[in-house]
Amino acid sequence: MKKILLAFLVILSVVLSACEETGSVDSDNGTSTIEKIKKSKKIVIGTAPGYAPFEMTDLKGKYVGYDIDTAKAIGKALDAKVEFKEYSFDGLIAALQVGEIDMIISGMTITGPRALSVSFANPYFKTKQVALVPNTDTTTKVWTDLDKKGKKIATVVGTTGQLITKNTFKNAEIKDYKEMAAAALAMISGQIDGVIYDESSIRIWNKQNGKSRVIDNQISAENLGIAVKHDDLKTIQWLNSFLYSYIDGPEELKSRNYWFENDEWYDNINNKVEAE
């Protein structure tokens, strides 16, 4: 009996050793993203420019914005070069899943359905969905006033605003656009009656372009998160620790103040978008 038990323990030890070598007992199923970045000294960030003031391009084609600053701060903390890859917003998760990028930092709202495909670090920014209407509209007081037959409401493809609008608005016609700016221009030109999108971006557009007003009552509140490959626990733990020290620190406060509290950057942004 003792010999059988000894043989069993030897076999178990060999199996466990093999599992450790292949990483199958590691929750990350192999090398985590954070380990890969530390080894290669390079981090690839997925972004979808057009979401002011989080991610945009300037007149020279350079990526700028609050999320871009956050990504650079992560690169600095890891002593790694930061490379940005541009996608449409609804293509970001697929790019992460196939390994084209290491992280998504692109104003992505943390949701249950998305969490089935990727893993999120703790929220780094809180926002909400609101409505934008033309200033010729003097009757809309709250966003529910837009949910009427004959009204046309614009959303942006792949965003939570699109999902919320289609689940909440029962009477208005919903039209999808690739970018918020294109939707807003369509509204100004009379093609649609209102735009549903994130408050920060809507307020900046309204301030700079005029001819519109913001409906202040929120449709929903949302937390933005950094996404990594699913179940990459080591990377999530590192990001949570980083965000704990970064948010409300000098570097983040400087970035937040620059992008959200003033608009001196606006004239240097490539915001020429055609209405669809």
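Select E199 and show its side chain: E199 is buried, with a relative accessible area of 19%. Buried stands for under 20% relative accessible area, exposed for over 50%, and partly exposed for what lies in between, using a 1.4 Å probe and protein chains only. This is a predicted model, in which local features need pLDDT of at least 70 and side-chain atom pairs count only at pLDDT 80 or more, while totals for chains, interfaces and linings use all residues. Residues are numbered from 1 along each chain as its sequence is written, and side-chain values use heavy atoms, with hydrogens and water left out.

K128 and E199 form a salt bridge, with 3.8 Å between the closest N and O atoms. The pair ties together parts that are 71 residues apart in sequence, because K128 lies in strand β7 (residues 125-134) and E199 in helix α8 (residues 199-209). The term salt bridge requires a side-chain nitrogen of Lys or Arg within 4 Å of a carboxyl oxygen of Asp or Glu. Helices (H or I, at least four residues) and strands (E, at least two) are DSSP runs, numbered from the N terminus.

Now extend the selection to R203 and D216. Together with K128 and E199, these residues are linked in a network of salt bridges.

Next, go to V195 in strand β10 (residues 194-198). Is V195 buried or exposed? V195 has a relative accessible area of 0% and is buried. Which residues does V195 contact, leaving aside its neighbours within four places in sequence? They are V130, A131, L132, A154, A183, A184, M187 and I202, where contact means heavy atoms within 4.5 Å. Then pick the C-alpha atoms of V195 and I153: they are separated by 5.8 Å, and the two residues are 42 apart along the chain.

From there, colour helix α7 (residues 180-188). Helix α7 is mostly covered, with seven of its nine residues buried. To see them, select M180, A181, A182, A183, A184, A186 and M187. Against which elements do the buried residues of α7 pack? Show β7, β8 (152-156), β9 (173-177), β10, α8 and β11 (212-224) for the answer. After α7 comes G190, which has a positive phi, near 90°.

Return to salt bridges with K41 and D79. Their closest N and O atoms are 3.6 Å apart. K41 is partly exposed, at 41% relative accessible area, whereas D79 is exposed, at 56%.

Move to helix α10 (residues 250-260) and select E252 and R256, which are four residues apart there and separated by about one helical turn. Their side chains meet in a salt bridge of 2.6 Å, N to O. E252 is buried, with 1% relative accessible area, while R256 counts as partly exposed at 25%. How many salt bridges does the rule give? The count comes to ten.

For the last stop, select S32, in the loop between α1 (2-22) and α2. S32 counts as buried, at 0% relative accessibility. With neighbours within four places in sequence left aside, S32 is in contact with K229, D232, K234 and T235.
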